[in-house]
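Hi everyone, thanks for coming. Let me put the structure up, and then we can walk around the ligand together.

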Amino acid sequence: MPSETFECVVVGTGPAGMIAALALASRGVRTALVGPAPNMNDSRTTALMAASKDFLENIGIWAALEADFTALEKMRLIDGTTRLIRARETTFDAHELKLPAFGYNILNKNLNRGLEKLIGENCDVTFIEGSVTSVRSSPTEATLTLAGGQTLAAKLVVGADGRKSLVREAAGIDVDTWAYKQSALVMNLSHDLPHYNVSTEFHRETGPFTLVPLPGRESALVCVEAPDVAERLSRLDDEALARELEDIAHSVLGKFKVISERQVYPMSGLKAKRLSGNRSVLVGEAAHAFPPIGAQGLNLSLRDIAVIADLAGKAKAHHQDPGGDDVLASYERQRWSDINSRTNAVDLLNRSLLTSALPIQVLRSIGLYTASTLGPVRRLLMREGIAPTFLLPRLMRRTAPTANSRA
Ligand SMILES: Cc1cc2nc3c(=O)[nH]c(=O)nc-3n(C[C@H](O)[C@H](O)[C@H](O)COP(=O)(O)OP(=O)(O)OC[C@H]3O[C@@H](n4cnc5c(N)ncnc54)[C@H](O)[C@@H]3O)c2cc1C
């Protein structure tokens with residue numbers, strides 16, 4: 001007999017898992033969250049787009065996290081290649097969309113700390129520190145076994161357990177995986193000049209070099225390089241590294257100083273062949289992962305979470321099974337095309353930077369030229385960068401019912 005029963009069990013305590021538990025609780029679904037203590041040593045940052053902020057507002061957690069976010073008001077794209085055909089520099093301004101900012105950047109450790117606190121204060125979420133070793137399902141419920149032998153029962157399981165997802169494996173879901181000959185070197189920098197809340201992205205032959213604003217005169221850097229170059233850079237002493245990075249950035253922010261540890265992430269992609277089964281749905285990197293280009297990863301995950309929280313909340317409100325076949329099929333239907341198109345778009349963008357084929361360079365330049373000069377194209381691109389115009393989940397819309405007015 002399971003020792004405890006919940007309406008939903010979320011597996012995984014990364015940002016996706018913690019936000020999923022809070023979102024489900026906001027829709028009245030009694031939820032357990034199972035995973036290790038959240039990671040407080042992740043010095044990466046995450047940029048959440050405006051639609052993701054609206055979602056966090058709608059589930060009632062934005063106000064508690066807001067102080068740790070830095071607004072991204074403009075995005076500046078600079079062709080940093082030395083190729084024959086180079087694209088024109090383009091700056092996108094959120095005010096053109098009548099938004100105060102495109103997105104908001106936060107240190108992952110601050111995000112995780114804020115989410116952990118919110119979970120501790122939420123009486124509809126029970127945090128169970130541990131690791132799930134098996135998930136089995138019957139026609140009426142799923143049973144999860146934890147490493148210490150404890151068992152939990154739930155109607156619905158949300159797999160937010162990352163790239164090596166056990167929930168996915170237990171549901172018999174295969175994945176497509178692929179690797180890029182690139183690594184992302186990540187760290188935080190301070191600089192002499194103010195960033196004026198502008199995120200600057202240099203497109204280089206080896207991948208993007210992106211500076212994303214943090215509070216004060218600090219920015220997060222994601223520098224995509226050939227794996228051996230990323231390794232070499234990561235082994236330089238602070239001064240030599242800061243000098244090389246400043247050269248790449250053409251000193252747009254003045255002199256750099258390295259203010260965090262450096263992390264190197266080999267770049268790869270993953271896509272689950274299905275998103276549900278075994279009374280389980282997959283969200284976040286359990287379902288999809290791709291290179292950190294254009295700040296899309298967690299934003300896409302929040303759209304997964306918005307859909308499953310809405311479906312489970314509605315099922316519960318109508319006394320239906322939140323892990324039943326209808327909910328699983330609807331989740332699959334609503335998420336498939338967004339996940340596919342974002343994964344393909346990020347892959348295409350990355351490959352278009354890497355290729356030296358002249359026709360592709362010409363197309364890329366024409367695309368950016370059109371974006372920089374034609375208002376409607378600019379605005380369409382800006383809106384799509386924030387979230388898909390036609391597939392925005394209900395809980396991400398500004399008109400969505402909030403945590404206190406479920407419908
Ligand atoms: C360099 C870099 C920069 C990025 N920048 C951005 C950005 O600016 N904007 C953006 O939107 N995205 C960004 N991303 C993507 C974003 O960081 C990821 O989408 C996000 O961190 C993944 O979150 P997740 O919760 O899905 O997975 P993870 O963070 O991998 O969490 C999985 C969790 O599941 C737990 N777990 C695993 N197995 C079990 C088990 N059996 N039982 C219990 N728990 C288990 C793990 O311990 C972990 O807690 C970036 C990624 C990288 C690499």
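A quick word on labels: helices (H or I, at least four residues) and strands (E, at least two) are DSSP runs, numbered from the N terminus. Please keep in mind that this is a predicted model: local features need pLDDT of at least 70, side-chain atom pairs count only at pLDDT 80 or more, and totals for chains, interfaces and linings use all residues. Residues are numbered from 1 along each chain as its sequence is written, and side-chain values use heavy atoms, with hydrogens and water left out.

So, which elements supply the shell around the ligand? At least two residues each come from α1 (15-26), β2 (31-35), β3 (45-49) and α8 (297-317). The ligand is surrounded by 29 residues, counted as near if one of their heavy atoms lies within 4 Å of it. Among the closest are Ala 47, Glu 285 and Asn 299.

Now the polar contacts, meaning pairs of N or O atoms within 3.5 Å. In the side chain of Asn 299, an N or O atom sits 3.0 Å from a ligand oxygen. Ala 16 uses a backbone N or O atom, 3.1 Å from an oxygen of the ligand. For Thr 13, a polar backbone atom is 3.3 Å from a ligand oxygen. On its own the ligand has 1,000 Å² of accessible area, and the protein covers 82% of that (Shrake-Rupley method, 1.4 Å probe).

Let's finish at α7 (residues 238-248). Asp 237 caps its N-terminal end, with a side-chain oxygen 3.1 Å from the backbone nitrogen of Glu 239. After α7 comes His 250, with a positive phi near 50°.

Conventions: Polar contact = N/O pair within 3.5 Å; in protein donor to acceptor, adjacent residues only side chain to side chain.
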